[in-house]
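Colleague: Could you walk me through this one slowly? I'm new to reading structures.

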Amino acid sequence: MSGASTPAPGRLETVRRFVNTLDIDAGTDALTSPGQLVGWLSSADLLTGTTGGGRDDLVHAVAVREALRDVLAANHGGEPIPPTALTVLNDAAGRARLTATLTARDGWRSRPSAGGVDGALGGLLALVGDAMADGTWSRLKVCVNDTCRWAFYDESRARSGKWCSMQVCGNRAKQRAWRGRRAESTP
Ligand SMILES: [Zn+2]
């Protein structure tokens, strides 16, 4: 699934775009080489300079991406964040040396003091922290369709959005439910 879902406000959109570098439905991944990773992080204004970009960095970045996807899945309702995702993200925060700084207007803000890809991934996690502080984080979710899991921003008043798009995955789910009911009612 790509394109049709609602963008997130402000810099949170960078986090959504990062998670959506893997398009499960289409079977495409924009992060399959260290060069692609460095290019993506630079274009998102997360990476400055030319440091980093080895195989290890790519493996680490993909692990962070999938851990973030798990956290977004937990945003659908009261489930806690899975322990594996917590381990990956806390490890990434440590590698980035995230440091909390008190700011004049925005309260405590975490920023990475490490450079390279570790620091850039820390910059992403800092955006997550900012969104948690301003209340927008809980609206960022992944589609509940297991073959999609596209990240989208839930603008529904009741915060009850489940699918990346009503037209695509919402309709697929409705059709499945309809076929299921029809099968049950057929003797
Ligand atoms: Zn979907």
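Modeller: We can go from the whole chain to a few of its details.
This is a predicted model, in which local features need pLDDT of at least 70 and side-chain atom pairs count only at pLDDT 80 or more, while totals for chains, interfaces and linings use all residues. Residues are numbered from 1 along each chain as its sequence is written, and side-chain values use heavy atoms, with hydrogens and water left out.

Colleague: OK, how many helices and strands does the protein chain have?

Modeller: The protein chain has 6 helices and 6 strands, where helices (H or I, at least four residues) and strands (E, at least two) are DSSP runs numbered from the N terminus. From that end, the elements run α-β-β-α-α-α-β-β-α-β-β-α.

Colleague: And what holds the zinc ion?

Modeller: The SG atoms of Cys-143, Cys-148, Cys-164 and Cys-169 coordinate the zinc ion at 2.3 Å. Donors here are N, O and S atoms within 2.8 Å of the metal (3.2 Å for Na, K and Ca), and since water is not among the atoms, sites may look incomplete. The angles among the 4 donor atoms are 105 to 117°, and the site is tetrahedral, a label given to four donors if all angles lie between 85 and 135 degrees.

Colleague: Which parts do Cys-148 and Cys-164 tie together?

Modeller: Cys-148 lies in the loop between strand E5 (140-142) and strand E6 (151-153), and Cys-164 in the loop between E6 and helix H6 (166-185), so the pair ties together parts that are 16 residues apart in sequence.

Colleague: Is Cys-148 buried or exposed?

Modeller: Cys-148 is buried, with a relative accessible area of 2%, and Cys-164, at 6%, is buried as well. Buried means under 20% relative accessible area, exposed over 50%, and partly exposed in between (1.4 Å probe, protein chains only).

Colleague: Switching topic, what is the phi of Arg-149?

Modeller: Arg-149, found in the loop between E5 and E6, has a positive phi of about 55° although it is not a glycine. Most residues other than glycine have a negative phi. Arg-149 is partly exposed, at 22% relative accessible area.

Colleague: Where does Asp-45 lie?

Modeller: Asp-45 lies in the loop between helix H2 (34-43) and H3, has a positive phi near 60°, and counts as exposed at 62% relative accessibility.

Notes
Four donors count as tetrahedral if all angles lie between 85 and 135 degrees; four count as square planar and six as octahedral if opposite donors are over 155 degrees apart and all others between 65 and 115; anything else is irregular.
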